[in-house]
Amino acid sequence: MRNYYYVTANTAEGFMNLLPTNINHLQQIISLNHPSQTVKTKILKDIITKYESTCEVEVLKSALGDRYLDGVVVREKGLAVLNHSIVPNDMSEITELDLSQYTQDTPVKNAELEEKFIHHTENAHKHLQTGLRIHDGLEDIYIREMDFKKADAIADSFIQSVLHGQSKKNRDGHEYHRFFGTTTVDGPVNVVPHITEKLSRVFYIKGRAGTGKSTFMKKVANTCIEYGFDTEIHHCSFDPNSIDMVLVPALDFCMFDSTDPHEFFPTREGEEIIDLYKETVTPGTDEKFTDEINKVNAHYKSYMKESVIELKKAGEYMEALEQQFSYTKQEQKEINNLIERQIQ
């Protein structure tokens with residue numbers, strides 16, 4: 001079985017990498033080093049195929065786009081095989097495999113293509129940063145109209161409900177920090193339906209900017225961790241300081257920010273909406289500030305669109321770089337045999 005998520009994202013704070021909390025309890029970490037993302041992704045897909053029939057396989061999707069992967073985690077084997085490009089420099093106790101020794105292609109380093117890829121990627125991040133700054137204007141509108149005591153009461157009631165009958169464990173739960181989506185060359189993407197389909201209880205958190213969706217989820221996450229439950233915390237890939245999803249496997253529930261660009265609605269029993277705008281904001285706020293809200297929405301979304309344009313340009317240069325590489329079935333087989341020998 002496959003579980004998909006991201007540990008990297010293009011955000012208003014630049015390229016973010018949340019890998020460490022997802023692998024720091026594993027016994028063996030293998031890093032695949034090769035100048036081609038395509039070569040590394042193909043090997044990672046082979047590893048998925050090897051294990052998915054007998055183990056739960058965590059597939060780390062890539063902020064570069066749907067064609068690439070960041071890694072594979074087989075938690076019950078204590079194993080992670082990672083794309084070297086996302087491995088932090090200060091991470092120790094990693095087995096690094098140089099795959100270029102097993103492929104015959106040795107293209108000349110194309111500095112111009114690499115610089116253009118970096119240039120357009122950084123431009124995308126700047127557009128996201130500007131968009132977020134403008135988006136903060138929406139928060140200012142709704143914060144003025146918020147009933148914070150009521151928001152606290154809703155959070156407290158929800159926490160009591162999901163933890164009803166549960167006792168505190170003699171440990172803190174582990175925090176897994178992730179993303180359920182990001183902005184890529186393919187536009188805004190997410191794996192929310194894939195994540196939620198396995199759970200019996202799903203809470204769709206509705207609201208507006210500044211109406212406490214992230215604060216609500218942080219309170220739930222912190223309490224579950226205090227009770228000793230391992231908790232998946234998915235950050236917002238626009239503003240990574242905000243939380244977009246909390247998932248607690250042992251309690252079989254998740255809650256997520258179900259607003260644009262990842263807006264969904266309940267389709268089955270066990271799913272429900274919690275609307276913080278309806279419950280905590282002065283009625284008629286949308287109507288009262290319609291013109292101002294529409295202006296800010298249009299302005300910040302224009303920068304979101306520009307960020308996608310820049311990422312698409314970066315993706316074109318990435319593709320040009322990738323076209324320099326090729327590999328044979330025999331080379332692929334030799335690399336897989338090398339990895340097989342390394343796995344303990």
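1. An open sheet of six strands has the order β9-β13-β14-β15-β12-β16, with mixed pairing; two strands pair if DSSP finds at least two bridges between them. Strands (E, at least two residues) and helices (H or I, at least four) are DSSP runs, numbered from the N terminus.

2. The model is predicted: local features need pLDDT of at least 70, side-chain atom pairs count only at pLDDT 80 or more, and totals for chains, interfaces and linings use all residues. Residues are numbered from 1 along each chain as its sequence is written, and side-chain values use heavy atoms, with hydrogens and water left out.

3. Strands β13 (residues 231–235) and β14 (residues 243–248) run antiparallel and are joined by four bridges. H235 has I243 in β14 as its bridge partner. Helix α4 (residues 148–162) packs on the sheet and touches β12 (201–206), β15 (253–257) and β16; contact means heavy atoms within 4.5 Å. The direction of α4 makes about 155° with that of β15.

4. Helices α2 (residues 37–51) and α10 (residues 329–342) pack at about 60°, their axes 11 Å apart. Axes are lines fitted to C-alpha atoms, for helices over the stretch in contact, and angles run from 0 to 180 degrees between N-to-C directions. The two helices are therefore oblique to each other (under 35 degrees is roughly parallel, over 145 roughly antiparallel, 65 to 115 roughly perpendicular, the rest oblique).

5. From α2, K42, I43, D46, I47 and K50 meet Q332, I335, N336, I339 and E340 of α10.
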